[in-house]
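Here are some notes to read alongside the model, written for someone opening it for the first time. Keep the structure open and follow the points in order.

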Amino acid sequence: MEEERLLILQMVADGKITAAEAAELLKALDGAREKAGPAPRGPGMEASFASIGELGHKMGELGSTMGELGGKMGDMAGNIAETIVEKVEKFATRVAEEAGKEQGWLNTLLANLNLGDMFGQQFKFEDTVSGTFAPEGDVQLDISTFNGRIDLETWDRPEFEFRLVKSIRTKEEEKAAAIADKMANFVQDGNKIRIEASSHGGGILSNCGVAVYGHLPSDRVYAAGLTTLNGRVNVEGLNASSLRVKTANGRIVATNVSGNSIELKTANGRIEFSGVTPNLVARTSNGRIVAVPGGHASGNYDLHTSNGSIRLGLVPSPDTGYDVEASTTHSKIVTELGDLEFRADERGHSRQHIHARTRGFEERPQRVHVRAKTSNGSIRIGPNVD
């Protein structure tokens, strides 16, 4: 269990758990080792749990005898998953920097291996496009890229501006420039903007990518579809009739965003949302979900992850009724929404599931439906999301 001990210590260093909580976790792991007998032998990770999910399962078993500690261990599994993803990203960046040093030993070694352009020098090219929209009507945005992030924010100016940063790893700058010229396509048709990036210019997915940075007028309403692969997505201050975000191996952060319908989907990354919306769908794995939709209007909130906790910030109101169905494994569910009638209330050590409604739900002027599901992570629904 040495790997688990190191992960616990790293979480203390990162500020994700306190020293006291770490001491309890280390004590619990030592107890589990005594019960299980000698740890299996094997190189590297083979001596540790086979997956984050298995780690959560072991944590849950310990939690069955240690009460509240079980919930903390479930959350820890999600934190470990995020920590691993972040460390892999940092390690990959360091390797890329070493590979780009012309006189570095790593560059010479990789060249001798004859692996083509995969470990060549990294070249970057930037294109900036700007313009204005028609004075009336919603704006439609369709942005699709890969191996790069998408950052959108609003400003108090009438024009839009997009900066496209194209990264290509190859041995020759001339070749990189030729690939970059064909990697991204920008098209505007009135209030419609389409940005599409692909590797069809001669690169391969492993050695090139495009990041998109955009500034948009704050006084417009947008219907936005944002898609990337192996990159995070940040959206700030957008007023959207609809917002669809999809990525993988990257987090999604939507801050001060309002919209009628918002859908955020990723894998191996956390999701954070704050703003106002009556309809929110959030899907991820190996990452937590924190959503603060604001207001007391009727709404539907559908949140689903694994190996991560869920936090939904809702402030109880006498005019609002809540219908909540939530389930998790190896952790706990906490609801702080006033007087609830429980139709289902399963509180086992390995699984928890509830279905509850505000008393007089059907008579309330506003009604909120919540569906929250995770594994190896706790669920908290109420005004406190800390």
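1. Is E272 buried, partly exposed or exposed? With a relative accessible area of 28%, E272 is partly exposed; buried means under 20% relative accessible area, exposed over 50%, and partly exposed in between (1.4 Å probe, protein chains only). Its salt-bridge partner R270 is buried, at 14%. The N to O distance for this pair is 3.5 Å, and a salt bridge here is a side-chain nitrogen of Lys or Arg within 4 Å of a carboxyl oxygen of Asp or Glu.

2. Before going on, some housekeeping. This is a predicted model, in which local features need pLDDT of at least 70 and side-chain atom pairs count only at pLDDT 80 or more, while totals for chains, interfaces and linings use all residues. Residues are numbered from 1 along each chain as its sequence is written, and side-chain values use heavy atoms, with hydrogens and water left out.

3. Back to the charges. Side chains of opposite charge can pair when their charged atoms come close. There are 17 salt bridges in the structure. One of them joins E126 and R163, with the closest N and O atoms 3.4 Å apart. E126 sits in strand 1 and R163 in strand 4, so this pair ties together parts that are 37 residues apart in sequence. (Helices, H or I with at least four residues, and strands, E with at least two, are DSSP runs numbered from the N terminus.) E126 is partly exposed at 48% relative accessibility, and R163 is partly exposed too, at 30%.

4. Another pair to look up is R351 and E346, whose closest N and O atoms are 2.7 Å apart in a salt bridge. R351 is partly exposed at 36%, and E346 is partly exposed at 36%.

5. Now for the inside. The largest nonpolar core has 61 residues, and L141, F162, L216, L226, L243, L264 and L314 touch the most other members. Strand 11 (residues 252–265) gives the most to this core, with five residues. A nonpolar core means a set of buried Ala, Val, Leu, Ile, Met, Phe, Trp, Tyr and Cys residues joined through side-chain atoms within 4.5 Å. A second, separate core has seven residues, including M11, I17, A22 and L26.

6. What does L243 touch, leaving aside its neighbours within four places in sequence? L243 is in contact with A224, L226, L238, V257, S261, I262, E263 and L264, contact meaning heavy atoms within 4.5 Å.

7. Helix 6 (residues 173–180) is worth a look: A176, I179 and A180 are buried there. They cover an arc of only 100° around the axis, which puts them on the same side of helix 6; the arc is that of the directions from the helix axis to the C-beta atoms. The buried residues of this helix pack against strand 1 (121–132), strand 4 (159–170) and strand 5 (184–189).

8. Last, some backbone angles to check. Most residues other than glycine have a negative phi. N249, in the loop between strand 10 (239–246) and strand 11, has a positive phi near 60° and is partly exposed at 33%. N307 also has a positive phi, about 55°. N307 lies in the loop between strand 15 (299–304) and strand 16 (310–313), and at 9% relative accessibility N307 counts as buried.
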